[in-house]
Amino acid sequence: MDLAVEYDNRARVPDYPAIVAGWARRSAAMRADVAAADLGVPYGGSPRQTLDILWPDPSRRAPVVLFFHGGYWQRGHPRNASFIARGCLAHGVAVAVAGYDLAPDVTLSAILGQARAAALCLARLVRRRLVACGHSAGAHLAAALVCTPWPEQFPGAPADLVPAGVGLSGVYDVEPLVATPLNRALKLTTQEARRLSPSAWPVPPGRIFDTVVGTDESPAFLRQSRSLADIWATQGAATRYAEMPAANHFTVLDPLADPESAVVRRLVELARGITL
């Protein structure tokens, strides 16, 4: 298997620039239409460490999904992901889109630390436990939050700060990327890649995680999602694996903007099921 080919999503989807441009337009429209929003809420010291919290109504008391964008931890912008909130907002569930610094300016380990800081900050602001969701590299961060032993790393944090999540087209085993051009920016050793792979972590009790992947994606991405669901299930996590028909690595995000889609219904179910 040629790993460089397997993980080159831009080459597999030649019209990706038009898709990403569409995300930006739809996201701007979403932010203009939302009932209430807290934009650019800082959770860290750099300009990218911010949260855009989109609310279904001005009361700001809704359950919350925390979303991380993709881009192999080295590209993408949270403002281009606002459009994904439309589905959850229609059901009374808020969505917070997190930004984070990018490689090569920071390491993947630092990005993971920022994702945890974003979750801690958001949970304190909204006074709720969270559902994590992410796309591609963002799905890696969502899985990492679900698998984080919160009290061990952050004394006083609840063990179930992020008890559930949904990953779309995720990279949960980072090691294969070491042998690809993507590692020029990530600068990962094999040992570091293994350490930062949620697929290799112990899963705390009671965790829930769904993996979703498009049927038009590479075998490597199909395997990443199925493997994580299988591995975590052996540790007692409640996992689901689903393939989205006729979706590629970029169009797999479209159902998040559809209030009637299966993935939105699942996120709403998970968000409503979390106690305060």
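Author: Arg195 and Glu192 sit about one helical turn from each other, because they are three residues apart in helix 9. (Helices are DSSP runs of H or I, at least four residues; strands are runs of E, at least two; both are numbered from the N terminus.) Their side chains meet in a salt bridge, 2.8 Å from N to O. That term means a side-chain nitrogen of Lys or Arg within 4 Å of a carboxyl oxygen of Asp or Glu. Arg195 is partly exposed at 46% relative accessibility. So is Glu192, at 27%. (Buried is under 20%, exposed over 50%, partly exposed in between, with a 1.4 Å probe and protein chains only.) Elsewhere, salt bridges with shared partners join Asp210, Arg266 and Glu269 into one network.

The model is predicted: local features need pLDDT of at least 70, side-chain atom pairs 80 or more, while totals for chains, interfaces and linings use all residues. Residues are numbered from 1 along each chain as its sequence is written, and side-chain values use heavy atoms, without hydrogens or water.

Arg207 is buried but has no salt bridge. Asp160, the nearest side chain of opposite charge, is 6.3 Å away. Asp160 pairs with Arg129 instead, at 2.7 Å, N to O. That pair spans 31 residues. What does the side chain of Arg207 reach at 3.1 Å? The backbone oxygen of Pro205. The backbone oxygen of Val146 lies 2.8 Å from a polar atom of the Arg207 side chain.

Technical notes. Lys, Arg positive; Asp, Glu negative; His and termini not counted. Polar contact = N/O pair within 3.5 Å; in protein donor to acceptor, adjacent residues only side chain to side chain.
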